[in-house]
Amino acid sequence: MNNEKPTHVRYHVVLMVLITGIVLFADRNLLPTIAKPLMHTLDITPATLGWIFSCFSIVYVACQIPGGWLLDKFGSRNIVTLAFVGMAIVNILQGFVTFYSGLWVLISFCILRGVIGFLETPGVPAFIRVITTWCPLKEKGFAGSLAGAAQYMAVFAFVPFFAWFVSEYNFQQLFFVIGVLELMVAWLFYRSTPAPAHHPNIIQLRLIHLRVMRRGGRG
């Protein structure tokens, strides 16, 4: 065992958390970015759009405690994976809703944005749990700062892309694109973030060291 070289699996896990967080916050910035063409195409007022935005915020805040309970009950890996699969499905449905008009659009968007709010609730707490599980005490601050920076990286990386895509194609197709991306991230996150004891590439020596360092010891 003493000849085993330390692995850097935790860095790969932190990178996956960062990527997942960027896509999560990209989803959150999608609707505000396409608000103008959405209002024009569907002939809805800013007040109506405000109701659609509010459905996300109200459900997101109301489900913080249930979201935390789900994390404790089923684990971050399972919940984030299921949440991203659900977000992908909802985004694809939103793409189809935009082909209709009238009251049906408002009701459908309000329901779907509320579902998105619920599905995004466990995201940030789950990322913190994964980082806490994988990173020793001396690395938690750096890893946590990367996870926190995901929301700003999402604006930098995706908002210009959203704006360009809408100008070249249409916002309906953009819902489908982000849905497919979320399915890919769900698969990658599930594969990349098992518990340290179950990861195929982590050696026993590193596992013991990680447990000691997580408790604040020096290993």
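Student: Which pattern does the chain follow when read along the sequence?

Tutor: Read that way, the chain goes α-α-α-α-α-α-α-α-α-α. It holds 10 helices and 0 strands. Helices (H or I, at least four residues) and strands (E, at least two) are DSSP runs, numbered from the N terminus. Please keep in mind that this is a predicted model, where local features need pLDDT of at least 70, side-chain atom pairs count only at pLDDT 80 or more, and totals for chains, interfaces and linings use all residues. Residues are numbered from 1 along each chain as its sequence is written, and side-chain values use heavy atoms, with hydrogens and water left out.

Student: How do I read two packed helices?

Tutor: Two packed helices are described by the angle between their axes and the distance between the axes. Axes are lines fitted to C-alpha atoms, for helices over the stretch in contact, and angles run from 0 to 180 degrees between N-to-C directions. Here, helix H3 (residues 46-62) and helix H6 (residues 103-120) have axes that come within 7 Å and cross at roughly 30°. H3 and H6 are therefore roughly parallel to each other (angles under 35 degrees count as roughly parallel, over 145 as roughly antiparallel, 65 to 115 as roughly perpendicular and the rest as oblique).

Student: Which residues of H3 and H6 make the contact?

Tutor: Contact means heavy atoms within 4.5 Å. On H3, the residues include Trp51, Cys55 and Phe56; on H6, Phe109, Cys110 and Arg113 are among them.

Student: Is Cys110 buried or exposed?

Tutor: Buried means under 20% relative accessible area, exposed over 50%, partly exposed in between (1.4 Å probe, protein chains only). Cys110 has 18% relative accessibility, so this residue counts as buried. Across the chain, buried residues make up 46% of the 219 residues.

Student: What should I look for in phi?

Tutor: Most residues other than glycine have a negative phi, and most peptide bonds are trans. Asp43 has a positive phi, near 55°, and is a residue other than glycine.

Student: Where does Asp43 lie?

Tutor: Look in the loop between helix H2 (35-42) and H3. Asp43 is exposed there, with a relative accessible area of 70%.
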